[in-house]
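Trainee: I have a model to look at and would like to go through some of its labels with you, asking each time what stands behind the word.

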Amino acid sequence: MLLDGSVKCENGYDPITQLIIKLPEGVNGDIPMFPSMDQVMAAVELVNESFKQFPFETVTDRSVFFSLLLTSVMRPVLPTAPGFLIEAAMPGTGKTLLADCILIILSGMYDSVPEKYHQDKSEFHKTLMSTLATGQPYIFFDNVDGEFGNDTMDIFLTSSKISGRLLGGNKRLNADTNLLVIATGNNATLSGDAFRRVMVCRLNAKVESPHLLTFEISDLKKHVFEHRLDIIKAILTIKRGYLTLGAGTFEAKSPLGSFGDWDSHARQVVCWLAQLPGCPIELGDPAESLINN
């Protein structure tokens with residue numbers, strides 16, 4: 001989906017997005033052009049069904065997660081977007097599973113490709129440029145230990161393009177920065193200016209052994225993988241519902257200067273849902289995460 005709400009659903013190269021589109025057989029762009037409020041609420045219910053058992057600590061944390069869902073399907077057309085840290089107090093709470101599910105939605109691949117996070121900005125830059133060279137739509141740092149954030153990441157998150165030398169030679173890469181930056185960690189903290197550029201989603205099961213808890217959907221990764229297209233259609237229905245029913249009709253929050261398009265097409269969508277009577281889940285402003293940071 002482009003920022004104007006139009007859906008690209010024809011196979012081949014799209015000159016506007018500069019993406020090569022290859023849809024599975026039988027898939028089309030049957031997203032309602034003007035979804036009703038009932039369709040929007042049904043879409044929220046469908047999305048929440050897969051993720052309702054994750055122990056989000058606060059309404060803000062759930063709101064950050066919903067903004068992450070929107071970001072995952074919109075990231076290729078957003079010039080910039082914040083990074084996301086899924087954080088927990090104890091191991092076994094589900095943070096990596098939650099990240100894996102997001103990356104299935106984003107990439108269509110069952111197994112994610114995690115990277116080791118380097119606090120050293122030079123090593124971080126090498127990892128970043130290597131990932132960009134592969135065309136992978138995300139960079140995933142699993143189990144960050146200690147602080148998360150450095151000068152290179154700060155620049156990357158607020159710039160639409162980046163340039164750097166690839167490993168093993170003098171070849172330089174000039175690339176768009178439109179990949180999703182996502183990390184997980186136990187009691188990880190943000191470093192430097194990352195507190196203004198990274199949204200934190202905290203999980204807290206409030207039990208001594210969270211790894212012993214079970215999900216209603218026993219194999220959630222498999223479930224999300226098999227229902228990926230339905231989940232994406234639901235997310236895009238919510239997004240289009242905002243464009244046709246919500247934008248300009250509610251008291252929008254003050255925009256975040258560094259992430260203007262992301263603010264308009266992810267954060268404000270969640271803020272709109274939060275104000276709807278009858279919304280099946282309690283939501284708020286995801287940007288409260290930045291204040292809490």
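Predicted model: local features only at pLDDT ≥ 70, side-chain atom pairs only at ≥ 80, totals over all residues.

Trainee: What makes the meeting of Glu-57 and Arg-202 a salt bridge?

Mentor: A salt bridge needs a side-chain nitrogen of Lys or Arg within 4 Å of a carboxyl oxygen of Asp or Glu, and the side chains of Glu-57 and Arg-202 have N to O at 3.3 Å, so the pair meets the rule. The two come from distant parts of the chain, 145 residues apart, with Glu-57 in the loop between helix 1 and helix 2 and Arg-202 in strand 11.

Trainee: Why is Glu-57 called partly exposed?

Mentor: Buried means under 20% and exposed over 50%, and Glu-57, at 31% relative accessibility, falls in between, which is why it counts as partly exposed.

Trainee: Which residues are joined into one network with Glu-57 by salt bridges that share partners?

Mentor: The network consists of Glu-57, Glu-87 and Arg-202, and by the rule used here the count of salt bridges comes to twelve.

Trainee: How do you know that Asp-151 and Lys-121 form a salt bridge, and what does the pair tie together?

Mentor: Their side chains have N to O at 3.6 Å, which is within the 4 Å limit and therefore qualifies. Asp-151 lies in helix 5 and Lys-121 in helix 4, so the pair ties together parts that are 30 residues apart in sequence. Asp-151 has a relative accessible area of 46% and Lys-121 one of 45%, and both values lie between 20% and 50%, so each residue is partly exposed.

Trainee: What separates Glu-123 from Lys-126 along helix 4?

Mentor: Being three residues apart in helix 4, they are separated by about one helical turn, and the closest N and O atoms of their salt bridge are 3.3 Å apart.

Trainee: What makes the approach of Arg-197 to Asp-193 a polar contact?

Mentor: A polar atom of the Arg-197 side chain lies 3.4 Å from the backbone oxygen of Asp-193, and because the limit for such a pair is 3.5 Å, the distance falls within it.

Terms used
Residues numbered from 1 in each chain as written. Heavy atoms only, no water. Helix = DSSP H or I, 4+ residues; strand = E, 2+ residues; numbered from the N terminus. Buried < 20%, exposed > 50% of the residue type's maximum accessible area, 1.4 Å probe, protein only. Polar contact = N/O pair within 3.5 Å; in protein donor to acceptor, adjacent residues only side chain to side chain.
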